Amino acid sequence: MTRRGVAILGSTGSVGTTALRVLDRQSDRFAVTALTAGSNAALLHEQAARYAPAFVGLVGGGSEAGAEWRCGPECLTAAATRDDVDIVLNAVVGAAGLDATLAALEAGKRVALANKETLVMAGELAAAAARRGGGELVPVDSEHSAILQCIAGRPSVEVRRVILTASGGPFRAWPRERVQRATIADALQHPTWSMGRKITIDSATLANKALEVIEAHFLFGLDYDRIEVVVHPQSVVHSFVEFVDGSVLAQLGVPSMELPVLYALTHPDRVPDTGVPPFDPVELSPLTFEPVRADAFPALALGIQAGRQGGAAPAVFNAANEQAVALFLDGAIGFGDIPRAISAALDHLAHLDGDTRDAILAADAAARRHVTRLFRC
């Protein structure tokens, strides 16, 4: 069996380390050929020593980098376009992953995409890059992996709607006024998933679900009226797909990123693996579903509105959210200020052009500046 080369962008983060555990078990099928990290040089040194990839990159650079490492943001694109890389698992957080995804698609790679911001910011550009270069996008998010598995190659015209599930985060049952006053420690206590800090905050505001709605629009060619969100606290049902004849399929599994990571590597095939424990419907019962409380979590509606508007609006939403979350994690603003910052940025900047990469990046930068100035004393 010929092993396929895998580049992991963001190898020291939550999804990156999960992917390496999966690859440990699938070493007869895949070889780790490139690793990059943002700033965690210590863990990257350990990973490089263990997997001996041909390429190692550190975005942050500096004296902690290994002698043969590539440094700076350009190392992401360099890793993603190597000849010995067949699959690029993009687990970079935020807008920083955009250029690497576009370059990998242009180079004909499979992109296992955990960096949903790429499609949120530049879904049309990503689709165009894939057409030009012959690359393909396969989602790593559990919700989109579930949809992909349920659709199983059926054309989008046979799909009536998809329903993304959301855990509801740590504040699912909190009154709106209490949610507004939530602390950093409160927001980082996700009830079902272990994730990085930024995505955990996004799950608490439901901004993450808005990003997933926009991503589903581009991945599956569905308009926004055919994408819905329901709260499912147990995080066992990852998504539903309703077909035009009324039949509904759902993909279920214990809350683990190992299964969607593995499926993104092997799609459309399935291979034996022991990473996810056996499914026990009795143990995991009961499974419950609730409507989203839109008044308590306004970021969801703001993101869907931005997706519907198109142009630069999704990039503005994403950038404003990223900047607001960074300020919140630094203790500079309150939890309730995050959706207020997003709304203010969209009010001022959603009209900007989003037809080119440079225009999207300009809108991204403008949104970050707007949010920073909004809270400057």
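Guide: Buried means under 20% relative accessible area, exposed over 50% and partly exposed in between, with a 1.4 Å probe and protein chains only. You are looking at a predicted model: local features need pLDDT of at least 70, side-chain atom pairs count only at pLDDT 80 or more, and totals for chains, interfaces and linings use all residues. Residues are numbered from 1 along each chain as its sequence is written, and side-chain values use heavy atoms, with hydrogens and water left out.

Visitor: Thanks! Let me start with a helix. Which residues in H11 are buried?

Guide: Helices (H or I, at least four residues) and strands (E, at least two) are DSSP runs, numbered from the N terminus. In H11, eight of the nine residues are buried, so the helix is largely enclosed by the rest of the structure. The buried ones are Glu258, Pro260, Val261, Leu262, Tyr263, Ala264, Leu265 and Thr266.

Visitor: Now for the rings. How many aromatic pairs does the structure hold?

Guide: Rings of Phe, Tyr and Trp (its six-membered ring) pair if their centres lie within 6.5 Å; planes under 30 degrees apart are stacked, over 60 edge-to-face, and the rest tilted. Counting this way, the structure holds four aromatic pairs.

Visitor: Take Phe171 and Phe335. How far apart are the centres of their rings?

Guide: The planes of Phe171 and Phe335 meet at 80°, so this pair is edge-to-face. Their ring centres are separated by 5.2 Å.

Visitor: How many residues apart are Phe171 and Phe335?

Guide: Phe171 belongs to the loop between strand S8 (159–166) and helix H7 (176–180), while Phe335 is in the loop between helix H13 (313–329) and helix H14 (337–349). Both residues are buried. Their pair links distant parts of the chain, 164 residues apart.

Visitor: On to charges, then. What is the count of salt bridges?

Guide: A salt bridge here is a side-chain nitrogen of Lys or Arg within 4 Å of a carboxyl oxygen of Asp or Glu. Some are joined up: Arg21, Arg25, Glu258 and Asp273 are linked in a network of salt bridges. The count by this rule is 24.

Visitor: Which residue forms a salt bridge with Arg161?

Guide: The closest N and O atoms of this salt bridge, between Arg161 and Glu242, are 2.7 Å apart. It links distant parts of the chain, with Arg161 in strand S8 and Glu242 in strand S10 (residues 237–243), 81 residues apart. Arg161 is partly exposed at 24% relative accessibility.

Visitor: Why are Arg340 and Asp337 separated by about one helical turn?

Guide: These two form a salt bridge whose closest N and O atoms are 2.8 Å apart. Arg340 is partly exposed at 45% relative accessibility, whereas Asp337 is buried at 18%. They are about one helical turn apart because both are in helix H14, where their separation is three residues.

Visitor: What is the N to O distance in the salt bridge of Arg29 and Asp28?

Guide: Arg29 has a relative accessible area of 22%, so it is partly exposed. Asp28 is partly exposed too, at 42% relative accessibility. The side chains of Arg29 and Asp28 meet with an N to O distance of 3.8 Å.

Visitor: One last stop: how far are the C-alpha atoms of Val371 and Arg270 separated?

Guide: Val371 sits in helix H15 (residues 357–374). It has a relative accessible area of 0%, so it counts as buried. Along the chain, Val371 and Arg270 are 101 residues apart, and the separation of their C-alpha atoms is 44 Å.
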